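Subject: A structure for you to look at

Dear colleague,

Please open it first, and then read the notes below beside it.

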Amino acid sequence: MRMYSAIIAALLVALGSSASAQVQKGMVAGVTNFSKVETTIACGGATTSAAVPELKKLGYVTIINLRLPTEQGAEVEAEMAAAKAASMSYIALPFNAASPDPAVVDRFIAAVTAPANQPAFIHCASANRVGALWMVKRILVDNWAQDRALTEATAIGLTSAALKTFALDYVAAHKRP
């Protein structure tokens, strides 16, 4: 019986590690904390409008921006114009980390799961908000275990205990039995 417990524990650790190993960090000029999560999704922090042509070259067709237009350095209008010039879709979903709105999470899940929006690049200022919303998507849409989704979200950039709590509360309120 002990041997089986040890094997199960080792498998759980491996699954958690595979979630963080799946996140591939990279460098894209004008993007902080760039991470490729899967073939159709990349995440990042602060992104300048000058980075948009490179994101297009990398194959992304949609930018999902979680930054508030009032954030210092957000460049929402310039980024939107750059996306339009690059023939990319641009989805602004302002998500306030200090006062998170569940309706924004609903719109995020709809946007990120729409085939027409893929491949997508998702960003905020640091990837903290991206990690939180991506964790919700992983649990509710992809049916990942909470620990595995949290490991990946942390590798992406989730650091806020308050956002982690918000995301897990959202999951609890929306998880089907």
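I begin with the largest nonpolar core, which has 38 residues, and of these Ile 64, Leu 66, Phe 108, Ile 122 and Met 135 touch the most other members. A nonpolar core here is a set of buried Ala, Val, Leu, Ile, Met, Phe, Trp, Tyr and Cys residues joined through side-chain atoms within 4.5 Å, and buried means under 20% relative accessible area, exposed means over 50%, and partly exposed means in between (1.4 Å probe, protein chains only). Two or more residues of this core come from each of strand E3 (41–44), helix H4 (102–113), strand E6 (120–123), H5, helix H6 (146–156) and H7. The element that gives the most to this core is H5, with 7 residues. A second, separate core of 17 residues includes Val 52, Ile 63, Ala 82 and Ala 86.

Before going further, please keep in mind that this is a predicted model, in which local features need pLDDT of at least 70 and side-chain atom pairs count only at pLDDT 80 or more, while totals for chains, interfaces and linings use all residues. Residues are numbered from 1 along each chain as its sequence is written, and side-chain values use heavy atoms, with hydrogens and water left out.

As for the overall plan, the protein chain has 7 helices and 6 strands, where helices (H or I, at least four residues) and strands (E, at least two) are DSSP runs numbered from the N terminus. Read along the sequence, the pattern is α-β-β-β-α-β-α-β-α-β-α-α-α. Of the 177 residues of the protein chain, 43% count as buried. Among contacts (heavy atoms within 4.5 Å) between residues at least 6 apart in sequence, 69% join residues at least 24 apart.

Two residues show such contacts one by one. Leaving aside its neighbours within four places in sequence, Ile 64 is in contact with residues including Ile 91, Leu 93, Phe 108, Ala 111 and Ile 122. Ala 111, which is found in helix H4, is buried with a relative accessible area of 8%, and, with neighbours within four places again left aside, Ala 111 is in contact with Ile 64, Ile 91 and Asn 117.

How do the helices pack against H5? The axes of H5 (residues 128–140) and H7 (residues 161–174) come within 9 Å and cross at roughly 25°, where axes are lines fitted to C-alpha atoms, for helices over the stretch in contact, and angles run from 0 to 180 degrees between N-to-C directions. H5 and H7 are therefore roughly parallel to each other, given that angles under 35 degrees count as roughly parallel, over 145 as roughly antiparallel, 65 to 115 as roughly perpendicular and the rest as oblique. By class, the contact of H5 with H7 has 10 nonpolar, 2 polar and 2 charged residues; Ala, Val, Leu, Ile, Met, Phe, Trp, Tyr, Cys and Pro count as nonpolar, Asp, Glu, Lys and Arg as charged, and the others, Gly among them, as polar.

H5 and H6, in turn, pack at an angle of about 155°, with their axes 8 Å apart, and are therefore roughly antiparallel to each other. The residues that make this contact include Gly 131, Trp 134 and Met 135 of H5 and Ala 149, Ala 153 and Ile 156 of H6. Gly 131 is buried, with a relative accessible area of 0%, and, leaving aside neighbours within four places in sequence, Gly 131 is in contact with Ala 153, Ile 156 and Leu 158.

Finally, some loop residues deserve a look at their backbone. A cis peptide bond, with omega about 0°, joins Gln 118 and Pro 119, and Pro 119 is found in the loop between H4 and E6. Glu 75, in the loop between strand E4 (62–65) and helix H3 (76–85), has a positive phi of about 50° although it is not a glycine, and at 35% relative accessibility Glu 75 counts as partly exposed. Asn 143, in the loop between H5 and H6, is another residue other than glycine with a positive phi, near 60°, and at 63% relative accessibility Asn 143 counts as exposed.

With best wishes
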